[in-house]
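Please walk through this model with the structure open beside the text.

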Amino acid sequence: MAVAHRLFGLFSPFTPAAKNNLSSFLIRSLSSSSSTHGPSLDPEIDLKEAAAELEKSSSPSSSLSRTKGRNFHWVFLGCPGVGKGTYASRLSTLLGVPHIATGDLVREELSSSGLLSSQLKELVNHGKLVPDEFIISLLSKRLEAGKEKGESGYILDGFPRTVTQAEILEGVINVDLVINLKLKEEALLAKCLGRRICSECGANYNVACIDIKGDDGDDRMYMPPLLPPPKCESKLITRADDTAEVVKERLRVYNKMTQPVEEFYRERGKLLEFELPGGIPQSWPKLLRALHLEDDKQSAIA
Ligand code: ADP
């Protein structure tokens, strides 16, 4: 991955000022990982240090019995197009913790001009992952800004995406729960191709109408389009990486790089598998039941 190597050279995430806080610890942990997506951390050194850091900054507890505003550390996993952003953002509103999507952080970075951003664009627009170093740095900055504002928990969407990222995160934070969203593969491509974003307010819509007949007694899956209100209609854009060719590559990269992350959390007993039964009206109440959050749903967004 030549571009990734060039980015490696360009990008230096280490700042002395940030040395002792939790988010910069993510960066320091990563510095001992010798290649972008390759060898894992030295568990003897990094994870021990991480545990001490963790003790200072966060207290472990069970995920499902907590109430609004508490410091949830949840992660959403799932293939491109599955709806991580939609459900993470709804839960974020319900639970009063920020929704942090690394894809959004990357796209913000891409919107700036400069050599780094054009090299990143080349990776993202071809469906590749950006280097671990880069994503850790973006996430660290975001966590640091959140900490200054008093944020103590979060719902991560799109991170971790490699086992290296998962090891680093596990070393510094006690992730309470990982929700692995699943959807029939034929729906994933259609959902990515139908995705539209309002260039003004950033809201997500979908023009695809998905109707998959159930076989062997499976239920039919129907997902109606989620159309924009008139104020957004003329401002819709499509993500540059939502073309058929790039979505197929993103799915391939997911299966290769991120599926092992599912196993990582399964082994640790943190993975909640959640098969989406259809669109938001069927899936949202079912997800709340799976999370034992039904009582809170009155305060959820419609
Ligand atoms: P998706 O819809 O495929 O889940 P995202 O919006 O989460 O996409 O991410 C868009 C792109 O940003 C990814 O294809 C990848 O290039 C980059 N990206 C986001 N998160 C990460 C990550 N944790 N590690 C590496 N690259 C990432």
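**A walk through the fold**

His292 is found in the segment after α12. Helices (H or I, at least four residues) and strands (E, at least two) are DSSP runs, numbered from the N terminus. This is a predicted model, in which local features need pLDDT of at least 70, side-chain atom pairs count only at pLDDT 80 or more, and totals for chains, interfaces and linings use all residues. Residues are numbered from 1 along each chain as its sequence is written, and side-chain values use heavy atoms, with hydrogens and water left out.

Stay with His292 for a moment. Its phi is near 55 degrees, a positive value in a residue other than glycine. Most residues other than glycine have a negative phi, and most peptide bonds are trans. His292 counts as exposed because its relative accessibility is 56%. Here buried means under 20% relative accessible area, exposed over 50%, and partly exposed in between (1.4 Å probe, protein chains only). For the peptide bond, look at Phe159 and Pro160: a cis bond joins them, with omega about 0 degrees. Pro160 sits in the loop between β3 (154–157) and α8 (163–172).

Now the sheet. It is open, has five strands in the order β2-β3-β1-β4-β10, and pairs in parallel. The edges belong to β2 (99–101) and β10 (271–275); each has a single partner strand, so one side of each is left without a neighbour in the sheet. On average, neighbouring strands are turned by 20 degrees against each other, direction ignored. Two strands pair if DSSP finds at least two bridges between them. Five bridges link β4 (residues 177–182) to β10 in the parallel sense. One of the pairs puts Lys182 with its bridge partner Glu275 in β10.

Helices pack on this sheet. α11 touches β1 (73–77), β4 and β10, and its direction makes about 140 degrees with that of β1. Contact means heavy atoms within 4.5 Å. α12 (residues 280–290) touches β4 and β10, and its direction makes about 155 degrees with that of β10. Axes are lines fitted to C-alpha atoms, for helices over the stretch in contact, and angles run from 0 to 180 degrees between N-to-C directions.

α12 also has a helix partner. It packs with α4 (residues 84–95) at an angle of about 50 degrees, with the axes 12 Å apart. α4 and α12 are therefore oblique to each other. Angles under 35 degrees count as roughly parallel, over 145 as roughly antiparallel, 65 to 115 as roughly perpendicular and the rest as oblique. Which residues meet? Thr86, Tyr87, Arg90, Leu91 and Leu94 in α4 meet Ile280, Ser283, Trp284, Leu287 and Leu288 in α12.

Move on to α9 (residues 185–194). Its buried residues are Ala187, Leu188, Lys191, Cys192 and Gly194. Seen down the axis of α9, they fall within an arc of 165 degrees (taken from the directions from the helix axis to the C-beta atoms), so they line one face of the helix. Glu185 and Glu186, on the other side, are exposed. The cover over the buried residues includes β5 (195–198), β6 (204–206), β7 (210–212), β8 (221–223) and α11 (244–267).

Finish at β5. Three bridges join β5 to β6, and the two run antiparallel. Arg196 stands opposite Tyr205 in β6. The two strands form a hairpin with five residues between them, and Gly202 in the turn has a positive phi of about 85 degrees. β5 also pairs with β9 (residues 236–237), antiparallel, over two bridges. There, Cys198 has Leu236 as its bridge partner.
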